[in-house]
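This briefing is for a reader with the sequence and the model at hand.

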Amino acid sequence: MKRMMYWVWMTIVLVAAPMRAQWVVSDPTNLAQGIVNTVNQIAETSATATNTLDSFNKIKDVYNQGKEYYDALKAVNNLVQDARRVQQTVLLVGDISDMYVTSFGLMLNDPNFTAQELNAISFGYSKLLNETAGLLDDLSQIINVTSMSLSDKERMDIIERVYKEVLHYYNLVRYYTKKNISVSIVRAKKQNDTQRVLELYGSANQKYW
């Protein structure tokens, strides 16, 4: 009965092993909490920004520092189904952060957005990130066996629910990114400058839009 949760813990332990020395490998919640901290820092920096460009440079630094956790998690293979679901949930949060950093970085170089609009876009990303980080925090509590008195089925049901909610926010961030880029394209068409915008963001077949 406990074998299922053993594999969930091992998902985190295996990934935590090659991390920085200050991380306690024996604690399976450390990896998830580290990613929560990264996302929270990105969201907080974005939400409290007074200068969009300066704050985004700080956001990129935080993102780059935390990216090793996502990269290590992606490298874990041959997991059982339940452990895979935990991995997929955490990776989705990494994808959301990547969408924000990559796409908003391009928007900062897009003259079709005003400074006020960029601030508003950044605030929107930070709100979505905050919600996602809260869900991942829930997940880190669930995979800690000492945190709640739940059966294996109840615990895995909650993990599945968290995965679906994080996936929902992933789709929201993807839609939000696509709509913002679409605004730029509409403005570019009016100025006969569509090609420049397409070259900036890439084709419609690419990842985020």
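The structure is a predicted model. Helix H3 covers residues 52–74 and carries a kink centred on glycine 66. Six salt bridges are present in the structure, including one between arginine 187 and glutamate 117.

**Helix H3**

- H3 has 23 residues, so at 1.5 Å a residue the helix should span 33 Å. The C-alpha atoms at its ends are 31 Å apart, which agrees with that expectation.
- The kink in H3 is about 35 degrees.
- Glycine 66, on which the kink is centred, is one of the buried residues of H3.

- Side chains of opposite charge can pair when their charged atoms come close.
- In the pair of arginine 187 and glutamate 117, the closest N and O atoms are 2.7 Å apart.
- This pair links distant parts of the chain, 70 residues apart: arginine 187 belongs to helix H6 (residues 152–190) and glutamate 117 to helix H5 (residues 115–142).
- Arginine 187 has a relative accessible area of 28%, so it counts as partly exposed. Glutamate 117 is partly exposed as well, because its relative accessible area is 24%.

- Aspartate 157 pairs with lysine 153 in a salt bridge whose closest N and O atoms are 2.8 Å apart.
- An α-helix has 3.6 residues a turn, so residues three or four places apart point the same way.
- Lysine 153 is exposed because its relative accessible area is 56%, over the 50% cut-off. Aspartate 157, at 42%, is partly exposed.

**Network around aspartate 193**

- Aspartate 193 and arginine 196 form a salt bridge through their side chains, with an N to O distance of 2.6 Å.
- Asp110 joins Asp193 and Arg196 in a network of salt bridges.
- Aspartate 193 is partly exposed, with a relative accessibility of 24%. Arginine 196 is likewise partly exposed, at 27%.

How values were computed. Residues are numbered from 1 along each chain as its sequence is written. This is a predicted model: local features need pLDDT of at least 70, side-chain atom pairs count only at pLDDT 80 or more; totals for chains, interfaces and linings use all residues. Side-chain values use heavy atoms; hydrogens and water are left out. Helices (H or I, at least four residues) and strands (E, at least two) are DSSP runs, numbered from the N terminus. The expected span of a helix is 1.5 Å times one less than its number of residues. The bend at a residue is the angle between axes fitted to the seven residues ending there and the seven starting there. Buried means under 20% relative accessible area, exposed over 50%, partly exposed in between (1.4 Å probe, protein chains only). A salt bridge is a side-chain nitrogen of Lys or Arg within 4 Å of a carboxyl oxygen of Asp or Glu.
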